[in-house]
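Colleague: I have a chain open here and a few quick questions about it. Can we go through them one by one?

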Amino acid sequence: MDNFMNKIAEKIGAQDIIRANSQAEAKEAERIRLEAEHYKALMEELRANADNFKQNAEDFKLTAEEYKQHLNEMISDAKAYKESLEELRADYKEHQELLEANETRIHDVGVQVYRNVQAVVEKNQEKNKDEFKEVARRLESIQIGVETKNTAVLPVLIITLLVAGADLVINLLRLFGII
């Protein structure tokens, strides 16, 4: 019964699918985290170079207003990216909750399947026991019939052997000319 249940569990493989989804989501979260760190490093680099930009603003002919505008655009882009990160985190949490709910459902279905299989096996065992009893009864009646028939055949067999032996002796005596 355990082997049968193990085979069913191997075929279902839902745990493997859930684990694979979890791993994929973890990799995606790690990729997003690394991307966020990269943008953070770029922002720090921009801030470090901000002083150089101020000094070179005349060379680039950027006014203070244009510089502020570019800086504000970068800040708004960073805020938008941060908001998308928060949305991804919320989606990740929702997916985790769905996976946990699915695991519970899969477990419940597995328990139901196990109980149904167990009931079918028990029912078949009772049926097989009845069939084996019937076969044993028939075998016993056949054995009784064979034993009674063999006892009637044995005397006939002995008489036949004696007659055949006597005929052989008579034929041998005739062959040698004794009779």
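Colleague: Which side chain meets Glu-86 in a salt bridge?
Modeller: That is Arg-89, at 3.0 Å from N to O. Keep in mind that this is a predicted model.

Colleague: Where do Glu-86 and Arg-89 lie?
Modeller: Both are in helix H3, three residues apart, about one turn of the helix.

Colleague: How many salt bridges does the count come to?
Modeller: Seven. Some are linked: Glu-28, Arg-31 and Glu-35 form a network of salt bridges.

Colleague: What are the distances in that network?
Modeller: Between Arg-31 and Glu-28, the closest N and O atoms are 2.6 Å apart. For Glu-35 and Arg-31 the value is 2.8 Å, N to O.

Colleague: How are they spaced along the helix?
Modeller: Arg-31 and Glu-28 are three residues apart in helix H2 (residues 14-60), so about one helical turn separates them. Glu-35 and Arg-31 are four residues apart in helix H2, which is about one turn as well. Glu-35 is partly exposed, at 27% relative accessibility.

Colleague: New topic. What is the order of elements from the N terminus on?
Modeller: They run α-α-α. The chain has three helices and zero strands.

Colleague: Which element has the lowest mean pLDDT?
Modeller: Helix H1 (residues 2-12), with 61, while H3 has the highest, 85. The average over the chain is 81, and 79% of the residues score at least 70. Where pLDDT is low, the predicted coordinates should not be read in detail.

Colleague: How much of the chain counts as buried?
Modeller: 7% of the 179 residues.

Colleague: And the surface: which residues form the negative patch?
Modeller: Glu-83, Glu-87, Asp-91, Glu-94, Glu-97, Glu-100 and Glu-103. Glu-87 sits in helix H3 (residues 64-176) and counts as exposed because its relative accessibility is 53%.

Colleague: What makes up the nonpolar surface patch?
Modeller: Leu-168, Ile-170, Leu-172, Leu-175, Phe-176, Ile-178 and Ile-179, with an area of about 780 Å². Ile-178 belongs to the segment after H3, and Ile-178 is exposed, with a relative accessible area of 60%.

Notes:
Residues numbered from 1 in each chain as written. Predicted model: local features only at pLDDT ≥ 70, side-chain atom pairs only at ≥ 80, totals over all residues. Heavy atoms only, no water. Patch = residues over 30% accessible without salt bridge, like charges linked within 9 Å, V, L, I, M, F, W, Y side chains within 5 Å. Areas by Shrake-Rupley, 256 points an atom, 1.4 Å probe, with all protein chains shown as cover. Salt bridge = Lys/Arg side-chain N within 4 Å of Asp/Glu carboxyl O. Lys, Arg positive; Asp, Glu negative; His and termini not counted. Charge placed at Lys NZ, Arg CZ, Asp CG, Glu CD. Helix = DSSP H or I, 4+ residues; strand = E, 2+ residues; numbered from the N terminus. Buried < 20%, exposed > 50% of the residue type's maximum accessible area, 1.4 Å probe, protein only. pLDDT = per-residue confidence, 0-100.
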